[in-house]
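Subject: Structure for you to look at

Hello,

Here is the structure I promised to pass on. Please open it next to this message, then read the notes below it.

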Amino acid sequence: QLIESGGGLVQAGGSLSLSCAASGRTFSRYTMGWFRQAPGKEREFVATISWNVIITRYADSVKGRFTISRNNAKNTVYLQMSSLKPEDTAVYYCAAASNGTPDRPSGYDYWGQGTQVTVTV
């Protein structure tokens, strides 16, 4: 089970930090990813990090503003978001993949329920 937290309401230019805690199984050997879905849009890739932290990948739209990290001892992955824009408004989901570092939802095996991030002008 993956449980996201840290979402909320923030003004444009502000920052938020999301967390995703895993329970029920260890995800220390899984790639962990963050996706987001805005109303009426498809779920889109945000960032991913390999189990050994060697590989991180970001969507072009968040590169330089968002940082993904993980703490395997705590079975937790994080997404630090800064310089937020209204277009970052979405439900943010964390996910776990058993193979590779995919940037598509179909590459992930486990999903959280999501946390809402709303960025106001």
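First, a term: a salt bridge here is a side-chain nitrogen of Lys or Arg within 4 Å of a carboxyl oxygen of Asp or Glu. Keep in mind that this is a predicted model.

By that rule, Asp88 forms a salt bridge with Arg65. Their closest N and O atoms are 2.7 Å apart. The pair links distant parts of the chain, 23 residues apart. Asp88 sits in the loop between strand 8 and strand 9. Arg65 sits in the loop between strand 6 and strand 7 (66-71). Both residues are buried. Salt bridges with shared partners join Arg36, Glu44, Arg65 and Asp88 into one network.

Asp88 also pairs with Arg36. Here the closest N and O atoms of the salt bridge are 2.9 Å apart. Arg36 is buried, as is Asp88.

Another salt bridge joins Asp103 and Arg57, with the closest N and O atoms 3.1 Å apart. Asp103 lies in the loop between strand 9 and strand 10 (110-111), and Arg57 in strand 6 (residues 56-58), so the pair ties together parts that are 46 residues apart in sequence. Asp103 is partly exposed, with a relative accessible area of 32%. Arg57 is partly exposed too, at 31%.

The count of salt bridges comes to 5. As for charge overall, the chain has 12 positive and 8 negative side chains. The centres of the two sets lie 6 Å apart.

Now the fold. The chain has 11 strands and 0 helices. From the N terminus on, the elements run β-β-β-β-β-β-β-β-β-β-β. Of the contacts with a separation of 6 or more, 58% are between residues 24 or more positions apart.

On overall shape, a compact globule of 121 residues would have a radius of gyration near 14 Å, and the chain's 13 Å agrees with that. The C-alpha atoms fill a box of roughly 40 × 25 × 25 Å along the principal axes. Buried residues make up 42% of the 121. The accessible surface comes to about 6,200 Å², and 48% of that belongs to carbon and sulfur atoms.

Best wishes

Conventions. Residues numbered from 1 in each chain as written. Predicted model: local features only at pLDDT ≥ 70, side-chain atom pairs only at ≥ 80, totals over all residues. Heavy atoms only, no water. Helix = DSSP H or I, 4+ residues; strand = E, 2+ residues; numbered from the N terminus. Rg over C-alpha atoms; globule rule 2.2 N^0.38 Å. Buried < 20%, exposed > 50% of the residue type's maximum accessible area, 1.4 Å probe, protein only. Contact = heavy atoms within 4.5 Å. Areas by Shrake-Rupley, 256 points an atom, 1.4 Å probe, with all protein chains shown as cover. Lys, Arg positive; Asp, Glu negative; His and termini not counted. Charge placed at Lys NZ, Arg CZ, Asp CG, Glu CD.
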